[in-house]
Amino acid sequence: MIDIVVVLRAEDAVLDFLSVLTDDGGGETRVILADRAETLILGAGMTAPERLALIASHVGPVTDGIASPGPEVLATLLRRAAAGGPCRIWAHSPADNRRSRGRLGRDTALAHAALAHAADADAEDSGAGLATATLRHAVGFSPYLQILSDLDRPLGREHIAAKLDFVNGSCGHLLAEADPEFVVQTPRVPAVERFFDTDPDQRERLFALLASLDDEAASVVDPWEFGSSRYEGRRLDATAAWVRNRCADLGSGPAGALVEVGACEGALTHRLVAAGFAVRATEPNAVFRSRLTAALAGTDAVTVDGADLAELAKEDAPRAAAHLLIEMLYYGQDLALLDDLATDLVFVALEPDALASRVRPWLERSATWRAEEETVLVPPQLETVCAGRAYLSKRGSVGLLLRRTNG
């Protein structure tokens, strides 16, 4: 049985997979270095120090362009490494917070699935051993998620000493690395190496959950589980009720037109329409926008377009009853853009820490906006995600109603 370890860089093999490299089974291990598209062969007769020394010789400086080579290249490397025989595959987690590793973990799973499918279709296929190969992901670096593991391997003192000696002797430059993707810090040198199995749907959801607002986040429908999460349901219900009540109190009434910025797939939009509002739902991401358009097809009270906050600030648009910036000011937007929105009311909702660090300092300096109301929409809560494969802390949501002072 061959163990195939797929890592982004050489040091990853020791930091996350030392227990695999030194398995008492004593079989051959092949380490695929994805950044180089190379494979190291650790023979069955090699001692643990010899294996670590070979890997150490391939630890290099951090350079530009370090990334997964993609599923097609990985499929070729896996096929060669398996050499037609039985094997076990080990890879990074698709939810590794270091996006380079998360992407590689996902790509490895895609490559393995493609090879297994091809082998099932062709009994003479030279990659037939991959059809029955297990694939396990290392939990690895996961500061935001607690992932339920299927295999835990505590390291003894000897293995910990070997791991620390490897880091200090071969990765010293990475201890002081500025790039958070590649710096080696204490949490990235685990004393217990944890691994988990996953199915394709869980894998894609774990990958999308850690993405930003790009097509990787949109790679699955409802990546943040607005439709199934009890927490998110309460948050959205509370947000819609807040907007409805405050607009009624302020004389805007349900008939007033709202601009919902970053509507995603329409989870809040549906609730606003049900409350009687006409809504302009804007969503810059083309994939999310296509789902939003389909979900709201035939709803006369809604228009959908791709404007982002910057574009809305430039428009010579009719004034709206309010603009809604709900859980979307996390991505470095220039808050000065709010001054040019065609409205006198802005509903902002954010987790408490983000509200304190992002919005309050700006609001204290603003001569254009004042806070008219602040309300807790939903308190923090721990919740499972990805069909129970992981859990995390949902950090709560606080609503802040802003009124223009010079409107």
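The largest cavity has a volume of about 40 Å³. This is a predicted model, in which local features need pLDDT of at least 70, side-chain atom pairs count only at pLDDT 80 or more, and totals for chains, interfaces and linings use all residues. Residues are numbered from 1 along each chain as its sequence is written, and side-chain values use heavy atoms, with hydrogens and water left out.

Start with how space is found. Rolling a probe the size of a water molecule over the atoms shows where empty space is left. On a 1 Å grid over the protein atoms alone, a cavity is a set of points where a 1.4 Å probe fits but cannot get out. A pocket is an open set with protein on both sides within 12 Å along at least five of seven lines. Lining residues have an atom within 4 Å of a point. A volume is the space filled by probe spheres set on the points.

Searching the whole structure turns up one cavity of 30 Å³ or more. Its lining includes Glu-11, Asp-12, Leu-15, Arg-98 and Phe-182. Helix α1 gives the largest share, three residues; helices (H or I, at least four residues) and strands (E, at least two) are DSSP runs, numbered from the N terminus. The lining holds four nonpolar, no polar and six charged residues. Here Ala, Val, Leu, Ile, Met, Phe, Trp, Tyr, Cys and Pro count as nonpolar, Asp, Glu, Lys and Arg as charged, and the others, Gly among them, as polar.

The largest pocket holds about 1500 Å³ of space. It is lined by 48 residues, and Ala-211, Trp-224, Glu-327, Tyr-330 and Tyr-331 are the closest to its centre. Helix α8 (230-249) gives the most to this lining, with four residues. By class, the lining of the largest pocket has 27 nonpolar, eight polar and 13 charged residues.

The second largest pocket has a volume of about 260 Å³. Of its 17 lining residues, Thr-22, Thr-47, Ala-48, Pro-49 and His-159 are the closest to its centre. Helices α1 (10-21), α2 (48-56) and α5 (157-170) each supply at least two lining residues. The most come from α2, with four. This lining splits into eight nonpolar, five polar and four charged residues.

Finish at Leu-148. It sits in the loop between β6 (146-147) and β7 (151-154). Leu-148 counts as partly exposed because its relative accessibility is 39%, and partly exposed lies between buried (under 20% relative accessible area) and exposed (over 50%), using a 1.4 Å probe and protein chains only.
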